[in-house]
Amino acid sequence: MLAKATAQRQQLRLLYRKPGSPRAEPRLVDPCHLANINGEWFLFGWDHARKDIRTFVPARVRSARPTGQTFTQPHNFSLEARLRDSFGVHSGHGQYAVVLRFNARAADYVREKKWHASQQLRERPGGGVELRLQLSSLAEIQRWVLSWGGDAVVVKRASLPTPCARRRV
């Protein structure tokens, strides 16, 4: 339903549950783009109540039905521009410099992948690596850093709290 509505520019009435909310709420959405990003699906659409492009997770959609209305995609919508400085799908309006150090055990995994367009890698003594990023939001990077456990240290936090920040690599 979401893919068809996006392709045919059909407005949808969604029953959508936001994270942390106990109940789903109605949303009137013009679905602009459906994308698989890092193995997860996301719907980017104009939310009429919020008068803004919002990101929806299809798994949180409890029901979707077409309204019978079609729409024209906003002329200023660009998924590439929206996600340019984000670490995933959460885009923000800030500018955060994040510096992370990974020990030798994690360094090979970090070197193998392009994590972000802004990334800069620096080799560290002992086989570790330092990763520098420029991000517009810290929403997703915090969870990612925590997923590395003791193999990652936040060197420059830019308001990024983590219990790993005190450990040395």
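Visitor: Which residues does L14 touch, not counting residues up to four places away in sequence?

Guide: In this predicted model, L14 touches L2, E25, P26, R27, V29, F56, V61, S63 and A64, once residues up to four places away in sequence are set aside. L14 is also, together with F44, F56 and F77, one of the residues with the most contacts inside the largest nonpolar core, which has 19 residues. Helix α1 (2-7) and the strands β1, β2 (25-37), β3 and β4 each supply at least two residues of this core, and β2 gives the largest share, with 4 residues. Apart from it lies another core, of 18 residues, including L100, L138, W148 and V154.

The strands around this place belong to an open sheet of 5 strands, which run in the order β4-β3-β2-β1-β5 with antiparallel pairing. Its edges are formed by β4 (52-56) and β5 (61-70), each of which pairs on one side only, and neighbouring strands are turned by 40° against each other on average, direction ignored.

As for confidence, strand β1 (residues 10-16) has the highest mean pLDDT among the elements of the chain, 97, whereas helix α2 (residues 79-83) has the lowest, 67. The chain averages a pLDDT of 83, but over residues 160-169 the pLDDT stays under 50. Where pLDDT is low, the predicted coordinates should not be read in detail.

Methods:
Residues numbered from 1 in each chain as written. Predicted model: local features only at pLDDT ≥ 70, side-chain atom pairs only at ≥ 80, totals over all residues. Heavy atoms only, no water. pLDDT = per-residue confidence, 0-100. Contact = heavy atoms within 4.5 Å. Pairing = 2+ DSSP bridges. Axes fitted to C-alpha atoms, helices over the stretch in contact; angles between N-to-C directions. Core = buried A, V, L, I, M, F, W, Y, C linked by side-chain atoms within 4.5 Å. Buried < 20%, exposed > 50% of the residue type's maximum accessible area, 1.4 Å probe, protein only.
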